[in-house]
Amino acid sequence: MKLELGHIDIHDIQFAAESAVKDGVLYVNAEAVKALVLEEENLKGCQLEIARPGESVRITPVKDVIQPRCKVEGPGGVFPGFVSKVDTVGSGKTHSLRGCAVVTAGKIVGFQEGIIDMTGPGADYTPFSKTVNLVMVCEPVDGLKQHDYEAAVRIAGLKVAAYLGELGKDVTPDEVQVFETKTLGESFTEYPGLPRVAYVQMLQSQGLLHDTYVYGVDAKKIIPTLIYPTEGMDGAILSGNCVSACDKNTTYHHQNNPVVADLYAQHGKTLNFVGMVITNENVYLADKERSSNWASKLCEMLSLDGVVVSEEGFGNPDTDLIMNCKKIEGKGIKTVLITDEYAGQDGKSQSLADADALATAVVSGGNANEVIVLPKLDKVIGMLDYVDVIAGGHDGSLREDGTIEAEIQVITGATNELGFNCMSAR
Amino acid sequence: MSKLKVLQYINQFFAQIGGEEMAHIAPELRDGPVGPGLAFNAAWGENAEVVKTIICGDSYFNENLDKAQAEILEMVKSVGPDLFIAGPAFNAGRYGVACATIATKVHEELGIPVLTGMYKENPGADMFKDKIYIVSTRNSAAGMRDAVSKMAPLALKLARGEKIGASIEEGYLPNGIRRNFFDKKRGSARAVDMLLKKLADKEFETEYPMPLFDRVAPNPAVKDITKATIALVTSGGIVPKGNPDHIESSSASKYGEYCIAGVDDLTAETYETAHGGYDPVYANEDPDRVLPVDVMREYEKEGKIGKLYDYFYTTVGNGTAVASAKRFAEEFSQKLRAANVDAVILTST
Amino acid sequence: MHFHFIVVTNNPLVRERFEGQVPLDYQPRTFAGILEYVRDQIHKGHRLLSHPLSGSVKPGETPYKSIMISAEQGALDTDSVILIEDCIQHAKKFRDRISGLSERVLDDFQLVDCNLITSAIESALTGH
């Protein structure tokens, strides 16, 4: 499977009478976008705001971040299973509006979380302080249940991202990247001297607000399976995950999976990147056993020499991570794990809820409990009234002078376990 | 900012007094920098200066631990430095233990910022890296320039009470406290690099070493306990009264081997515990509570066991480095095996 | 219908939703109290069937916890002992910030916990 991914660089978003992409500016007709959002019958209002890098703006509580993309050639459309039909995506041509993002915000639940600061010390921790963001604060109809609200905001965000992405369909990209994964048979003859490597991605799948979707299917219902790495670039994997801002994978992260990108960068040079396995992180222990058995079996069937395994979340998924590691290593396949840490505010506690001697190679996205003070910013998009109870916040975290003292786990994407950031811990 | 006053501790070798033959010398306080102090002064320029140097023989320090520490503490008090630097000790074992011991003492007793440096396998590192900052150096004095380049800036930060970054940034040995920092490459690229090294069987360093406890697979059961020779081994510090081999009350550097042939009961008159860190009253009243010789003799008489082995092995577990404990056990296990001991009962405090 | 599991919970919503439907052991205890109670049950021979630290809502934030254990009591299951002990240790490092939560927030925490255990119940009802 081969995908040409064309990046169109966007340096600004502006509201305008007509939506268009022109000279690196994304012009947005706010009314058209609102109309699209309000097609969701469970949403009664939508406030649109633009947040630019360096502005004194705080966005909270963030639900998801999505990159506008569209299919230019090839089967299917973006976000299959939700916005498009379930055709297999990941081949042909896709255009991506690089440097911008759609951010959905709103308090789905009372402890809804996620802060994006566009400037100041908090901005260093989130990748979304570097993108120009179109923020959608979506208001539910009265009495709406939390899971219906989550679904409505999720789908509205995807539709808006698809709508904006479509504006780039006829624009000439600033850069085109080509990614190709051959069939299993071809992969054996293509680079016979190089180690066979795959990526095992663990998807959050514990229940309400902890969900990931694959072609519209709830990931907790899947059996670990094979997927072409390019499928994710067209939105085949997307986030329904609202909890633990720092280490949840937003849809943007799935679209721009850095492990996929960095394995492709080495493909044919130092390794043979033969494919990707997706697995889940269920609550039921027998599900964990089954899924890790299956993931390791798929690695064996692919005749791999090594894998990178990425986790999503904390606690429960630590058990899946270690099970995957043990069983894959048990097949004689070398593993590197990517995780983050909860070592306590003083950094002295044991970081993970599980451990094993076979986990000899671990990359850390940092200690999520480390405390940060975020200064008051001029403008808040969304609402601050739940900062005290959001994950990692604590009593008094919203001080009278408007500064927030909190653990970095409140910051969207801060300790991402796909290895999206440079941060680590020692 | 005024120049920070630094006091440095070095051994007889780095003071160019002599090698092992001069290791017995008692602590001495000299004006100005001696040996490595010159390099530190050069690195600090106007920011800080070694104003006095304490020189002490390694044997003197380690063999007269309490006395040496008291003498050195008095010297430190008399100087009243802003910062105390010990070493660097590289791979010199006794020097490393002395540097780390005295630096920890100075920090704990006087509240003065301290820093030392040594090779990661120096026993002093394992014993004290959780207590004070120990800069990781090369394994010989040829690495002095590198050691000074890492220690000098960290020392300034410590003396000024500035925020200390992650171990990898500052150059100190990981001390169990996880700190965030921004690496040059993103995590996914680091993961791919690590995988390539692992695949090529090259050396790589995990970013999060798993906290693992040694799990020892149980041996098969003793076939016939009524015929077995059983030995007693303890980390509870039980020793003949007077502690003839001077096993340290903490961070033990040795173990003892004592004969109990013909001994039916350990009494307050004949045995005691050398162990610090717990209330020793009950152990001293009746040392059998830690090393149950009395019960073993009863079992021996009743035929429940074959024989109690004639010697017991003992050390103090309090703060003793895992590496030291392993070394002790490797030695006395050989002796136990040579004596055809079938099983061992291990007791702690 | 024969059930092979019991849900231990301190969550009123779980009780409301599943009472009479599946075997419930409602224990009005703290979050840590539930973990310790489950540990005790494990020492009586029950096995853990769901992960005690399910969910990304951290210990110390939510007061609610539901955990599924086996109905059957057998020999002590060491895997369960190790897992529950690891979880008890892990939970201790989070600061307690539960006091003063509003009704709305408490309701939402109940809902999330209820959904997490529901996903375990669905798995348990379709297979072992």
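How many of the 349 residues of chain B count as buried? Select chain B and colour it by burial: 42% count as buried, a residue being buried if 20 or more other C-beta atoms lie within 10 Å of its own, exposed if 12 or fewer, and partly exposed in between, with C-beta atoms placed from the backbone.

Before going on, a word about the model. It is predicted, so local features need pLDDT of at least 70 and side-chain atom pairs count only at pLDDT 80 or more, while totals for chains, interfaces and linings use all residues. Residues are numbered from 1 along each chain as its sequence is written, and chains are lettered from A and ligands numbered from 1 in the order in which they are written.

**Stop 1: chain B**

Stay with chain B and switch to a cartoon view. You will find eleven helices and 14 strands; helices (H or I, at least four residues) and strands (E, at least two) are DSSP runs, numbered from the N terminus. The C-alpha trace spans about 80 × 55 × 35 Å along its principal axes. Of the contacts in chain B with a separation of 6 or more, 71% join residues 24 or more positions apart; two residues are in contact if their C-beta atoms, placed from the backbone, lie within 7 Å.

**Stop 2: where chains A and B meet**

Now show chain A as well. Two pairs of chains touch, and chains A and B have the most contacts. Here 44 residues of chain A are in contact with 33 residues of chain B. On the chain A side, S22(A) gives the most, with six residues. By class, that side has 21 nonpolar, 14 polar and nine charged residues; Ala, Val, Leu, Ile, Met, Phe, Trp, Tyr, Cys and Pro count as nonpolar, Asp, Glu, Lys and Arg as charged, and the others, Gly among them, as polar.

Zoom in on S26(A) and strand S7 (residues 180–182) of chain B, which pair in the antiparallel sense over three bridges. Two strands pair if DSSP finds at least two bridges between them. Select A:Ala425 and you can pick out its bridge partner in S7(B), B:Asn180.

**Stop 3: chain C**

Bring in chain C. Its contact with chain A takes 35 residues from chain C and 33 residues from chain A. Look for H4(C), which gives the most to the chain C side, with 13 residues. Chain B and chain C do not touch, and their nearest C-alpha atoms are 12 Å apart.

**Stop 4**

Strand S15 (residues 210–214) and S18(A) pair over five bridges.

**Stop 5**

Next, select helix H6 (residues 285–301) and helix H7 (residues 316–330) of chain A, which pack at an angle of about 35° with their axes 9 Å apart. Axes are lines fitted to C-alpha atoms, for helices over the stretch in contact, and angles run from 0 to 180 degrees between N-to-C directions. Among the residues of H6(A) in this contact is A:Cys299.

A:Cys299 is also one of the residues with the most contacts inside the largest nonpolar core, which has 165 residues. A nonpolar core is a set of buried Ala, Val, Leu, Ile, Met, Phe, Trp, Tyr and Cys residues joined through C-beta atoms within 7 Å. Finish at A:Met136, another of those residues, whose contacts include A:Val37, A:Cys46 and A:Leu48.

Methods. Lists of a residue's contacts leave out its neighbours within four places in sequence.
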